[in-house]
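Trainee: Could we take a close look at a single part of this model together?

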Amino acid sequence: MQQFDIIVIGAGSAGSAAAARLAQDGKYRVCLVEAGGKNTHIFTRTPGLIAMMPDKSNWAFDTEPMAGLNGRIGYQPRGRGMGGSSATNGMVYIRGNPWDYDNWSALGCTGWAWNDVLPVFKRQEDSFRGADDLHGSGGSLHVNRQISPSPVATAFVEAAEQLQIPRNDDFNGPRQEGVGLYDVTQHNGERWSAARAFVDPLAGKPNFTVLTDALVERIVIEDGRATGVTIRRGGKRETLAAAGGVVLSAGAFGSPQILMLSGIGPGDELQRHGIRVVLDKAAVGADLQDHCDFVAGYELDDPSLFGGSLKVALRVARAFIEHRFRRTGMLTTNYAESGGFVTLRPGAPAPDIQFHFIRAIIQDHGRDKLKESGFSLHVCVLRPESRGWVKLNSADPATAPAINPNFLSDPRDMDLMIDAARLLHRIAETPPLSALGAKDRNPIDYADQSAVETRIREVADTIYHPVGTCRMGPNADDVVDPALAFRGIANLWVADASIMPRLVSGNTNAPSIMIGERCGDFVKAALG
Ligand SMILES: Cc1cc2nc3c(=O)[nH]c(=O)nc-3n(C[C@H](O)[C@H](O)[C@H](O)COP(=O)(O)OP(=O)(O)OC[C@H]3O[C@@H](n4cnc5c(N)ncnc54)[C@H](O)[C@@H]3O)c2cc1C
């Protein structure tokens, strides 16, 4: 049996940062176990080629039918392989709103207020903005300005400005409200996943082992302590021992699934699948929160936009050469180029909706492979009231978990979404965006409230920010405590998006990376 001090499960945004933090000083023998592959191929590295990413790099989960979406089955892509979802995501670098973290602290998560987390965000990043009160330089997570954004992305920003939404050139600056171009986790025109930022620099360190293509089946619990993991690799099952403990970073769906497979979770759910109950914990898999997103697609024959036609394919081929030699051009795109934050409800503590302008028509998560060029406009509700869950479909670790985000089950989310969709439409109808003459693919009467609601139920789905399924909190029934230690099992920590007690007001990659690195520090402090 291979022996380590600490095993980190999942080399995603948080797991990469946690493992690196733990392995850095050489004190512990750290093993990072990842179900997927190395993810070093060109489709991961070249931002604009994301659509060509191999299927094996995506868990591609289907959800349960959702009542709020007319019984539709939603889609939840998740990165599989080194970097996890940071190797497949839209690269938008947003930390959330300072209020989010002050709220976590007010909920009893001591040590998670904005002033506690800001130094970690700063020390992790290498921002093109340089070091100041709010930004960091010299960290290993490169944050850059977009190299070659589409003029149409800028037209979206200018149209919003015409509607008195202020311009914002730094959403991680003193003010989150407003519209602008997003900063991206890229370096020299390439994607900068958490694996590239944190794991790659430690390659060859004798105390650091990375196992890829290794599916963790369960955590080994002995006498109430986590002592290792069972993995399946190359058709064989093996157990890895961890003298100091296990950090679980398999993401908002993977982490609750692994806990339940290990006998930790809602007792009745475990028994239903014939799993021996080690610890009955109802909060495992509960409280799933995600950003429900409304999308409208617009056809536009513009040379800067993507589509599935032969003309665009030839353009992309030329852009590929430009990207290889100059690191510029349309293949540096992160697709979600512009957007912003708006407060629709008076008295809201922070912006309550977020826009994404996408440089292609992504209406069914891009699965419809449309021929038409164009763009899509997205808007999501930032702090949803709806709550979903993750359960098991089977006791077989290779079977996907059952996922129900329960979108729009709370009427407050629908109310806000209707106003948000209307504002999005007004931006589309305002010059200079409207002057481009794009064709709305699914026109409706936005003055008619019920027509808007119907359309939302027909098209809304995730914008890929599931959290909350292993929530952190001050109470015994919370999954982890504010030092991310599992409540009820010793030597076990959870560090990924699943621990967020409330979804942050923005994209979730930077917060997950911050959580991972903090967990590394918590584990070090606990082990001494
Ligand atoms: C398509 C898409 C676009 C997105 N766009 C953005 C964006 O532009 N900006 C932003 O901030 N956020 C974005 N996000 C969200 C962001 O990337 C995630 O919130 C973040 O990466 C979550 O980090 P994590 O560590 O919780 O999970 P992940 O990064 O998903 O990592 C979990 C890791 O665990 C591994 N794993 C799971 N189960 C097992 C197992 N049984 N055994 C071994 N390994 C396992 C997985 O393969 C994966 O590598 C996007 C996400 C997606 C999917």
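Trainee: Which helix supplies the largest share of the shell around the ligand?

Mentor: Happy to walk you through that. This is a predicted model, in which local features need pLDDT of at least 70 and side-chain atom pairs count only at pLDDT 80 or more, while totals for chains, interfaces and linings use all residues. Residues are numbered from 1 along each chain as its sequence is written. The largest share of the shell, four residues, comes from H7; helices (H or I, at least four residues) and strands (E, at least two) are DSSP runs, numbered from the N terminus. Helix H7 covers 251-261, and helix H1 (13-23), strand E11 (214-222) and helix H12 (509-527) also supply at least two shell residues each. In total, 42 residues surround the ligand, where a residue counts as near if its C-beta atom, placed from the backbone, lies within 6 Å. Gly10, Gly12, Gly84, Gly90 and Asn507 are the closest. Sorted by class, the shell holds 18 nonpolar, 20 polar and four charged residues; Ala, Val, Leu, Ile, Met, Phe, Trp, Tyr, Cys and Pro count as nonpolar, Asp, Glu, Lys and Arg as charged, and the others, Gly among them, as polar.

To place this in the whole chain, domain 1 takes in 1-141 + 192-290 + 388-402 + 465-528, and domain 2 takes in 147-181 + 292-381 + 409-459, with bounds from an automatic or database domain assignment. Their centres, taken over C-alpha atoms, are 29 Å apart. Across the boundary, 23 residues of domain 1 are in contact with 22 residues of domain 2, contact being C-beta atoms, placed from the backbone, within 7 Å. The side of domain 1 that touches domain 2 has twelve nonpolar, eight polar and three charged residues.

Note on methods:
Contact = placed C-beta atoms within 7 Å.
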